[in-house]
Amino acid sequence: IIKPDSIVCVQIARPMEAAVRAATIQMMDWLVTDYGFSQTDAYCFVSTCPDFRINVYQMCDIGGLNFVVGAEVPKRYL
């Protein structure tokens, strides 16, 4: 998702840790592919950037629903 001030990678999985991991890996891949980061730089960036966020959009455990999370990076760092 490209928002006016940030980019977001959304993933759905169960357990929530799997969704967070997948969204973070997808974000790192996006940084490498579209923004010219090396793999090492992308990993270091998401590991240390104070404005990198993991947002939880759905956390209901009703009827076997999965967790929906998004990894978000402000565009000012890109």
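In this predicted model, the buried residues of helix α1 are Ala19, Ala23, Thr24, Met27, Met28, Trp30 and Leu31. These residues lie on the same side of α1, because they cover an arc of only 165 degrees around its axis. An α-helix has 3.6 residues a turn, so residues three or four places apart point the same way. On the other side of α1, Arg21 and Thr33 are exposed.

The length of α1 was compared with expectation. The helix comprises 20 residues and should span 28 Å at 1.5 Å a residue; the distance of 27 Å between its end C-alpha atoms therefore agrees with that value. Just after α1, glycine 36 adopts a positive phi of about 75 degrees.

The largest nonpolar core of the model contains 18 residues, of which Ile7, Met27, Leu31, Phe45, Val46, Phe52 and Val73 touch the most other members. Two or more residues are given to this core by each of β1 (6-13), α1 (16-35), α2 (39-48) and β3 (67-74). The greatest contribution comes from α1, with 6 residues. In soluble globular proteins, nonpolar side chains tend to be buried together.

Phenylalanine 45 is one of the core residues that touch the most other members. When its neighbours within four places in sequence are left aside, phenylalanine 45 is in contact with Leu31, Phe37, Val73 and Tyr77.

Definitions and conventions
Residues are numbered from 1 along each chain as its sequence is written. This is a predicted model: local features need pLDDT of at least 70, side-chain atom pairs count only at pLDDT 80 or more; totals for chains, interfaces and linings use all residues. Side-chain values use heavy atoms; hydrogens and water are left out. A nonpolar core is a set of buried Ala, Val, Leu, Ile, Met, Phe, Trp, Tyr and Cys residues joined through side-chain atoms within 4.5 Å. Buried means under 20% relative accessible area, exposed over 50%, partly exposed in between (1.4 Å probe, protein chains only). Helices (H or I, at least four residues) and strands (E, at least two) are DSSP runs, numbered from the N terminus. Contact means heavy atoms within 4.5 Å. The expected span of a helix is 1.5 Å times one less than its number of residues. The arc is that of the directions from the helix axis to the C-beta atoms.
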